[in-house]
Amino acid sequence: QLQLVESGGGLVQPGGSLRLACAASGRTLDYYAIGWFRQAPGKKHEGVSCIGTSDGYTYYSDSVKGRFTISQDKNKKMVYLQMNSLKPEDTAVYYCAALFLVSPRSYGSNCASGADFTSWGQGTQVTVSS
């Protein structure tokens with residue numbers, strides 16, 4: 001069973017940057033999709049970004065494309081989300097979660113919705129405010 005723990009959230013001014021980290025334990029990261037999701041009060045749960053740990057596929061929601069970058073360090077069992085040009089509407093609790101890819105398949109829609117993702121972390125708060 002994979003366990004995930006997020007870190008790196010905080011308070012930042014608009015236009016600033018943060019790097020979130022998702023630390024995995026319990027298994028190797030091979031054959032997973034690791035996704036970043038966010039939940040803001042009164043807003044829908046949103047799939048922000050996703051990376052395939054073995055195939056290198058990446059997904060970004062339209063709201064973060066060009067501003068956020070997802071990356072991984074498989075040796076350290078870490079997945080990062082570099083967030084630049086932050087906006088107040090990026091304020092949310094950010095979670096990472098894992099989708100085990102039993103066989104090669106398309107999973108972009110899963111990254112967008114969070115469907116079938118498990119091993120959700122406890123979340124890290126990101127607040128963008130002046």
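A residue counts as buried here when its relative accessible area is under 20%. That cut-off matters for the cysteines of this predicted model, where a search of the whole structure turns up two disulfides.

Take the link between Cys-50 and Cys-111, with an S to S distance of 2.1 Å. Both ends fall under the cut-off: Cys-50 is buried, and so is Cys-111. The torsion about this S-S bond comes out at -45 degrees, making the link of Cys-50 and Cys-111 left-handed. As for what it connects, Cys-50 sits in strand 5 (residues 46-52) and Cys-111 in helix 1 (residues 108-113), so a strand and a helix from distant parts of the chain, 61 residues apart, are linked here.

The other bridge runs from Cys-22 to Cys-96, S to S 2.2 Å. Here the torsion about the S-S bond is about 80 degrees, and the disulfide is therefore right-handed. Cys-22 belongs to strand 3 (residues 18-25) while Cys-96 belongs to strand 9 (residues 92-100), so this pair ties together parts that lie 74 residues apart in sequence. Cys-22 and Cys-96 are both buried as well.

Terms used. Residues numbered from 1 in each chain as written. Predicted model: local features only at pLDDT ≥ 70, side-chain atom pairs only at ≥ 80, totals over all residues. Heavy atoms only, no water. Disulfide = S-S within 2.5 Å. Helix = DSSP H or I, 4+ residues; strand = E, 2+ residues; numbered from the N terminus. Buried < 20%, exposed > 50% of the residue type's maximum accessible area, 1.4 Å probe, protein only.
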